[in-house]
Amino acid sequence: MVVHDIIARKRDGFSLSSTEISFFIQHLIRGEITEEQAAAFLMAVYIRGLEEREIVDLTLAMAYSGKVMDLSFLPGVPVDKHSTGGVGDKLTLVVVPLAAAAGVTIAKMSGRGLGHTGGTIDKLEAITGLRTELSETEFRKQVSEIGLAVIAQSNDLVPADKILYDLRNRTATVASLPLIASSIMSKKIAAGSAKILLDVTVGSGAFMKNVEDAEALAQQMVAIGRGAGRETLALITNMEEPLGYTIGNALEVAEAIATLRGEGPRDLEELAIIFASEMIRMAGLGESGAQRGKLMTLLREGKALTALRNMVIAQGGDANQIDDPSLLPQAAHIEAFRAPASGYLSHIDALGLGEASVLLGAGRLNKGDLLDFAAGITLRHKVGEFVTEGEELCLVHGEDSARVNMALPGVREAFVITREKPASHKLLLGRVE
Ligand code: URA
């Protein structure tokens, strides 16, 4: 078998055998495939696609290209939750402690921000002192003791994805359904949870721009989960406008804390209840339809917040910031952006605000860039609300006026005000299992 022939067969539209796919990935991680060959392979897959069996084979070959976590030592059924990415998407920070407070075991590995989308690890690191890089022993001990840990993916997991992801970024091959599905699912499989709950976002702020593509991606990931013997459910959610009112790491942590106190925005709380209910069902702890009342009580009584607090303490973070979020990093310069006219807010473009937040320092323009944890945007209104000319539409948080001025043109473009009240949009757009 030679690499050249594998690339040629995919280029010409043939299906690759399991052996060919595994050969390719094994040689890739051993450094026996050149960058040019790997890039050509990716472009061939991008253009020709992969059939379901090939996607499962590629994902498994990637998942087993490194260490695969064994979580069988845990007493409960660990359930993982993963989002395909969004703007203001702090759902994990709310769902994970909420589900843990309801008894679900969570041993989760999360990622950093990607492009205009935020990442849970960056958000957690906005809490002073919090460590996201734990040794395997520390990780196991924490999950055994408090039933919850969220850490960064360790370097020995899925090395094939690290190589391919970097190449995809440089060769315009990120936006391929089979490549996204295999990249995400290989990491989920290697992270070891028996059950996987996926949040497949769709809309301006997501990688999938329409429901058809989101459904296709969800189906591919669920098929991979099935092929790998992991029960997988995908919920398709709306990411047209940002989730909640905040974008930016410390701002999102503060909003997640408010939500865990039962004082969060309606969209975030609603999705948190839906996702936590599914995690409870997947863990075998009850029917999803019967969890709302119990979960609302966990929020109101502060038990979900206590679960987050316990995790923050276990990972070395400053628990005072959980008790008093005003102690989280705060921006030195905050400027209001005001409504240029009166009318209904008919669109708040999540992509535009995500990109503006990156310019503020909340995300990375280049790999390795340092983040400004305090930077970001706080919305004053959501889509559908009436605003009056001159009223604040959002606050822009940055380290100084120069930074804020870099973001303002994008912020201005993101708000659309019309005379007509827009139709209300649904949060949950589909379910694939
Ligand atoms: N997230 C990933 O981990 N991989 C992708 O390809 C896209 C989003």
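Buried means under 20% relative accessible area, exposed means over 50%, and partly exposed lies in between, with a 1.4 Å probe and protein chains only. On that scale Phe14 is partly exposed, with a relative accessible area of 46%. The structure is a predicted model, in which local features need pLDDT of at least 70 and side-chain atom pairs count only at pLDDT 80 or more, whereas totals for chains, interfaces and linings use all residues. Residues are numbered from 1 along each chain as its sequence is written, and side-chain values use heavy atoms, with hydrogens and water left out.

**The ligand and its shell**

- The ligand is surrounded by Leu114, Tyr165, Arg168, Ile180, Ser183, Ile184 and Lys187, where a residue is near a molecule if one of its heavy atoms lies within 4 Å of it.
- By class, this shell holds 4 nonpolar, 1 polar and 2 charged residues; Ala, Val, Leu, Ile, Met, Phe, Trp, Tyr, Cys and Pro count as nonpolar, Asp, Glu, Lys and Arg as charged, and the others, Gly among them, as polar.
- Helix 8 (159–170) and helix 9 (177–191) each supply at least two residues of the shell, and helix 9 gives the most, with 4 residues; helices (H or I, at least four residues) and strands (E, at least two) are DSSP runs, numbered from the N terminus.
- An oxygen atom of the ligand is 2.5 Å from an N or O atom in the side chain of Lys187, and a polar side-chain atom of Arg168 lies 2.9 Å from an oxygen atom of the ligand.
- A polar side-chain atom of Ser183 lies 2.7 Å from a nitrogen atom of the ligand.
- On its own the ligand has 230 Å² of accessible area, of which the protein covers 90%; accessible areas come from the Shrake-Rupley method with a 1.4 Å probe, and for residues only the protein chains shown count as cover.

**Nonpolar cores**

- The largest nonpolar core has 77 residues, and Leu353, Ile377, Val411 and Phe415 touch the most other members; such a core is a set of buried Ala, Val, Leu, Ile, Met, Phe, Trp, Tyr and Cys residues joined through side-chain atoms within 4.5 Å.
- Helix 12 (residues 266–282) contributes the largest share of this core, 10 residues.
- A second, separate core of 59 residues includes Ile33, Phe139, Ile151 and Leu179.
- Not counting residues up to four places away in sequence, Ile377 touches residues that include Tyr245, Leu251, Leu353, Leu360, His397 and Val411, contact meaning heavy atoms within 4.5 Å.

- Gln142 lies in helix 7 (residues 136–146) and counts as buried because its relative accessibility is 6%.
- The side chain of Gln142 reaches the backbone oxygen of Leu148 at 3.0 Å, a polar contact being a pair of N or O atoms within 3.5 Å, for which, within protein, one must be able to donate a hydrogen and the other to accept it, and residues adjacent in sequence count only if both atoms are side-chain atoms.
- Leaving aside neighbours within four places in sequence, Gln142 is in contact with residues including Leu134, Gly147, Met311 and Gln315.
- Gly147 lies in the loop between helix 7 and strand 3, is buried at 17% relative accessibility, and touches Val104, Thr105, Ile106 and Gln142, not counting residues up to four places away in sequence.
- The C-alpha atoms of Gly147 and Gly76 are separated by 8.8 Å, although these residues are 71 residues apart along the chain.

**Positive phi angles**

- Most residues other than glycine have a negative phi.
- Val158, which is not a glycine, has a positive phi of about 45 degrees; Val158 is found in the loop between strand 3 (148–152) and helix 8 and is buried, with a relative accessible area of 0%.
- Ala172 also has a positive phi, near 60 degrees; Ala172 lies in the loop between helix 8 and helix 9 and is exposed, with a relative accessible area of 60%.

**Two further positions**

- Phe14 sits in the loop between helix 1 (3–11) and helix 2 (18–29) and touches Arg9 and Glu54, not counting residues up to four places away in sequence.
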